[in-house]
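Good morning, and thank you for coming.

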Amino acid sequence: MNSEQGQKDGWSWWYLLFLVQFVAVLWPPFYNQVEPTWIGMPFFYWYQLLWVLIAAAITAGIYLATRK
Amino acid sequence: MHDVNWVALVIFVLLFAFITWLGFAAARWRKGDLDLLHEWGLAGRRFGTVVTWFLVGGDLYTAYTFIAVPALAFGAGAVAFFAVPYTIVVYPLLFLAFPRLWQVCHKHGYITTGDFVRGRFGNRWLALAITVTGIVATMPYIALQLVGIQVVLGGLGLSGTGWAADLPLIIAFLILAAFTYSSGLRAPASIAIVKDILIYITAFVAVIVIPIELGGFGKIFAAVPPAKLLLAPPGPNTTGSYGAYATLALGSAFALLLYPHSMTAILSANSGRAVRRNAALLPGYSFMLGLLALVGFFAIAAGVKGLPEFAAGFKQFGNNYAVPALFLHSFPSWFVGLAFAAIAIGALVPAAIMSIAAANLYTRNIHREFINRNPTDKQEAQMAKWVSLIVKLGALIFILFIPTQYAIYLQLLGGIWIIQTLPSVMIGAYTRWFNDWALLVGWAVGTFAGTWMAIAADLKPTYPVHIGGFTFPGYTALYTVILNVVVAMVLTVVFKALGAQRPAADETAAADYIVA
C-alpha cells in the first residue's frame, strides 16, 4: 500500500498506531480509580505499568512492520 | 562520623574503585583517536543496539530521577506517577524524529544540535540560541546529579562539618572529571553497563523484598493517605490535576530528547536503526522507574519518617532521604552498600555525558563559530576536554555553595528553556518550511514567556491558564512551546509575504534524513 511512498519520504501509515498509547495514558479519567485492584495495587498504578509493556510491544510491532 | 555504616561503606568504595578503573580503561575500548572530537565526544558513533540501550538508559534515567520520583510519591502521592506516562510517550518521539536526525548528522558530520541547526537553516544566530539554551539547561541538571551522590553519602553516615563534610563529594567529582577527560564518551558508556545492572538488581529486590517485609501491596497502599492515592478529581470549570498530570507527561517527553546529553547518546549509536530498536527496548527502564516510584509508598508504609535514626537525614535532605532511609531500614548493610553505589554511580554516568555534551556544544558552536574558525582537529578535541572540566567544576561549586533548592528551580526552568528548541530541532528534522529568523523570534518569545510564567507561578512547573470562565492548569513548558510554534509560523508567513525567502541556505537534502 505504502511501500513506495514510504521509501521516498520516510512516512508509514503504521506510525498512526502510536496514537493509541498517547490516548491511553494521557487521559487520566480512564484510570484515576482504585478498583479493580490487582495484588493489592490500585488500578491507577497497575494500569499505567501495564501500558509501559503494551506501548513497548506496539513500538516493536511498528519497527517490524516498517522494516524493509 | 560516629554513625558510619562500615560494611555498606566498604562495598560502596569497592564498587566505586571498580568503575574508576573501568572509566580509565574505557579509553582503549573500540579504540579510536581521542584527539578527534567525534571520537572523544561521540565514541566514534560505533555503539550497537545493546551498548546504546545501556548508554541512553543510563543517561536518561538519572540517579536524581531514582531519588526524586519516589521522594515525590512519598510527599505528594499519585502525581509522581506522571513519570510513567511521560516515559511511555517519549518513545514514539524517539522512534520517529531521532533516527532522521541521526542520519543527517552522520551524513554531514554534525556532533551537536547546534551543528544541525546551523547546517539546516544557515543562521549562526539561531544556532547560537540553540547552543546557549542547551548549555544553560544542562548545568543545573549536572548539579542535581551531585545532589544524588550527596544524599547517599549522607545515608552512609559520611556527615560532618565544614570541608570534611564535602570531601567525599569532591573526591567523587575528581574521579568523574578525570576519566571523562581521558576517555570521553567511552567512559560513561562502559560504566553505564555496570551501573544499570546494579540498578536493576536494586530495583527488583526492593519491589519484591520490601513488600514481603511490609505484608503485601494491599497493606502498603492502605497506609497511604487516601488523598494521595489518586489524582484529585477536577472541580467545575477546570481541568485541574488531570490537565496538569497529562501536560507534565507530554511536555516532559518533548523536552527530554532535546537535552544535549540525549542527543549525544543518540548520535553515538552506529545507525538510525539502532536508535529505532531502542525505542522498543528502552521501556524496560520505564517499567523499573514505575516500580521505583512505588518505593516512595513503601517508605510511607514503613514509617521511616517517624524513626529517630533517620531524623537528621530527613532534616538535611527532605523527602529525598526517603529512599536511602527505607533501604537502610529494610536491607542488610552489604546490600545497602550495593544499592547506594548503584545510585551514586548512576549519577556519574549522566553527569559525564552531560558535561561532554555541553563541551561539544561550546567547542563546535561557540568557539569554532565565533572565536577560532579554523582549529586543527587536535585543538578542537583538546578544547572540548577542557570545557568538560570547567562545566563540571561549575556544577560542583554550585552544589557546595548555593542552596540545593536553587538547583531544583533552575532545572525546572531548564526544562522550559530546552523545549523552546523543539521547532528548530525536532520539526526541523522534517521541514525547512520555517524562516530562520521567525524561529529565532519564536524561541525568544517562548523563553521569556516561560520564564515569566514560571516565576509568576512561584516556581512551580504548572501554570493556570484562564480562558473565559475556565482554568487549565498545565505544564508551562508545553504551553510556551505552543506559543513559540505559533509565533514562528505567523512570522514565517509574514516574512515570506514580504519576500524575505532565502531558499539556498539549507546544506542538507531530503534524502539525507531517510533511515537506511
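I begin with the surface of chain A, which exposes about 3,900 Å², with carbon and sulfur atoms supplying 70% of that area. Accessible areas here come from the Shrake-Rupley method with a 1.4 Å probe, and for residues only the protein chains shown count as cover. A word on conventions: this is a predicted model, in which local features need pLDDT of at least 70 and side-chain atom pairs count only at pLDDT 80 or more, while totals for chains, interfaces and linings use all residues. Residues are numbered from 1 along each chain as its sequence is written, chains are lettered from A and ligands numbered from 1 in the order in which they are written, and side-chain values use heavy atoms, with hydrogens and water left out.

Chain A has three helices and zero strands; helices are DSSP runs of H or I with at least four residues, strands runs of E with at least two, numbered from the N terminus. Of its 68 residues, 43% count as buried, that is, under 20% relative accessible area, with exposed meaning over 50% and partly exposed in between (1.4 Å probe, protein chains only). In the loop between helix H2 (18-25) and helix H3 (43-66) of chain A we find Pro36(A), joined to Glu35(A) by a cis peptide bond with omega of about -5 degrees.

Let us turn to chain B. Helix H5 (residues 83-108) and helix H13 (residues 260-267) have axes that come within 10 Å and cross at roughly 70 degrees. Axes are lines fitted to C-alpha atoms, for helices over the stretch in contact, and angles run from 0 to 180 degrees between N-to-C directions. H5(B) and H13(B) are therefore roughly perpendicular to each other, a term covering 65 to 115 degrees. Leu94(B), Phe98(B), Leu101(B), Trp102(B) and Cys105(B) of H5(B) make the contact with Met263(B), Ile266(B) and Leu267(B) of H13(B), contact meaning heavy atoms within 4.5 Å.

Is Thr180(B) buried or exposed? Thr180(B), in helix H8 (residues 163-183) of chain B, is buried at 0% relative accessibility. Among the residues it touches, leaving aside those up to four places away in sequence, are Trp40(B), Ile356(B) and Lys392(B).

Arg45(B) is not a glycine, yet has a positive phi of about 50 degrees; Arg45(B) is buried, at 9% relative accessible area. Leu459(B), also not a glycine, has a positive phi of about 55 degrees, and at 25% relative accessibility Leu459(B) is partly exposed.

How values were computed: Parallel < 35°, antiparallel > 145°, perpendicular 65-115°, else oblique.
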